Amino acid sequence: MSQVFTKDFEIECPSKQRVWSEIANRIEELGLPGTPIRLILTALRDGKLVFESSFLETDRKPVWPSLLDIRPRQITSEKPFVAVSIVPTGVRAEIGGFAGDATPSVNLLAKACDYLVVNPNSVTASDLYFASDNVLYLEGNLICHLLLGHTTLIPETRTNIGVIIEKTEEKFLNNILNALNALRTVGGINIHPVVVTGKEVRTECTFSAYGHASGRFDGIDELMKALDIVAQTDTNAVAFSTTLLVEEEIRNQYFKLGGIPNPWGGAEAIITHMTTNFYPFTAAHSPLLLDEAEIMLGTLGDPRDGAELCSSAFICSTLKGLTRSPRLAKFDTPLPSGCQGISVENVSAVVMPESTVGNIPFFASLEQNIPIILVRGNHTHYEVTPTALDIDHEQRKIYYVNSYMEAAGLLLALRHGIVPEATRRPILPIEPIFM
């Protein structure tokens, strides 16, 4: 029986050694059971790094190297110019913490790049999808594997997406099937296979002791049985539509009062992280309606949640996004002549909110010597900054900006070889080395 479990732990790692390989070595020394599928640094307490992490206990073998391994990037390539933009899930980011509300900011960043890689919650908006064509829609775990040097991305427009739907009442199943048929007849998207699980997949949305969204799971094996069916086809992108149980009081607080992170995001991330660690798929998740009350019909909420409040299927943007998800290959797989691959060697910058650096992409980017652009204006409920972690940003390629408009300008400077420091004042004088 496969099982997801979440565990908190602490490690000691001096501030000057806080890059991913050093942190990962100390995590490995703990001898934690299972395969790590999600690792979040939540705090620095008494000089120790405090992690909340999800592991999967299973007999199955992962398709990618461990998240605790890093392949140092080799000769860097600026062509194509690729950046990664991440808005972590379940931390109530002011921009990107709602229903695809980071899409305008994402599209602005994309104007400065050949390709911009983003995690789904940045641009997924229930039934709406407006991300630019050069935005590569990539699940968060696969972004980790990209920056750790494990994968090569091959940009393409997918023509076929698989869907896994949890067993549910006929009217709710029909609601999803209507949405899929609309995507086929209006969007021309081929959707195959569509697998309905034999049993319920019970996922309960929770909040961790640190305040960000998480989840408890009872039906992981049921999901894997469905994934095994998809794996027998030529489909390698899959959308999930499964129930996410959220207490009515929490739902009302989120939509009507605000002040808490999206309660669905953490559980969704764990489901897709599990999938992309053990299957060679790109993946994304949409909540499956379980009760008409869950659509909050007639509720006037935060404008950033408008896409959710006018939807009942929630899946159309997920499928549209997956058509823009890249094909995956191992980093050392020879590519056909004329086929353009994107690896960590091509990543020229990583953009994320300043207060959410407790993740693999940040620490991997530090180690890979990839410039990191931290957006101070995108506030979250997280409080993990380089300063809080005692990381000397003066000795790192860490840039601070106030907005995504500034971040786009910084990407343009990096792309065109303009030294960012030359655009700021005061400008430091050259200090020659005398022999």
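**Sheets, helices and a pocket in a predicted model**

Tutor: In this predicted model, helix H2 (residues 103-110) lies across strand E4 (82-85), strand E5 (115-118), E6 and E15.

Student: At about what angle does helix H2 run to E5?

Tutor: Helix H2 lies across several strands, E5 among them. The angle of helix H2 to E5 is about 145 degrees.

Student: In what order do the six strands of the open sheet stand, and which strands are at its edges?

Tutor: The six strands pair in the parallel sense, in the order E6-E5-E4-E15-E16-E17. Two of the strands have a single partner each, so one side of each is left without a neighbour in the sheet. These edge strands are E6 (135-137) and E17 (398-401).

Student: By how many degrees are neighbouring strands of the six-stranded sheet turned against each other on average?

Tutor: The value is an average over neighbouring strands of this sheet, and direction is ignored. The average turn is 25 degrees.

Student: Which residue in E16 does Met-352 stand opposite?

Tutor: E15 pairs with strand E16 (residues 372-375) in the parallel sense, over four bridges. The residue in E16 that stands opposite Met-352 is Leu-374.

Student: Is the pairing in the three-stranded open sheet parallel or antiparallel?

Tutor: Strands of a sheet pair through backbone hydrogen bonds, in either the parallel or the antiparallel sense. In the sheet with the order E1-E3-E2, the pairing is antiparallel.

Student: Why is one side of E1 and one side of E2 left without a neighbour in the sheet?

Tutor: Strand E1 (3-12) and strand E2 (35-45) stand at the edges of this sheet. One side of each is without a neighbour because each has a single partner strand.

Student: Over how many bridges do E2 and E3 pair?

Tutor: E2 and strand E3 (residues 48-57) pair in the antiparallel sense. Within these two strands, Arg-38 stands opposite Ser-54 in E3. The number of bridges between E2 and E3 is nine.

Student: Which helix lies across E1, E2 and E3?

Tutor: The helix in question runs at about 110 degrees to E1. It is helix H1 (residues 20-28).

Student: Which elements give two or more residues to the lining of the second largest pocket?

Tutor: About 290 Å³ of space lies in this pocket. Of its 19 lining residues, the closest to the centre are Glu-78, Ser-348, Pro-371, Lys-397 and Leu-414. The elements that give two or more residues to the lining are strand E15 (347-353) and helix H11 (404-415).

Technical notes
Residues are numbered from 1 along each chain as its sequence is written. This is a predicted model: local features need pLDDT of at least 70, side-chain atom pairs count only at pLDDT 80 or more; totals for chains, interfaces and linings use all residues. Side-chain values use heavy atoms; hydrogens and water are left out. On a 1 Å grid over the protein atoms alone, a cavity is a set of points where a 1.4 Å probe fits but cannot get out, and a pocket is an open set with protein on both sides within 12 Å along at least five of seven lines; lining residues have an atom within 4 Å of a point. Grid points are joined across faces, edges and corners, and a volume is the space filled by probe spheres set on the points. Two strands pair if DSSP finds at least two bridges between them. Axes are lines fitted to C-alpha atoms, for helices over the stretch in contact, and angles run from 0 to 180 degrees between N-to-C directions. Contact means heavy atoms within 4.5 Å.
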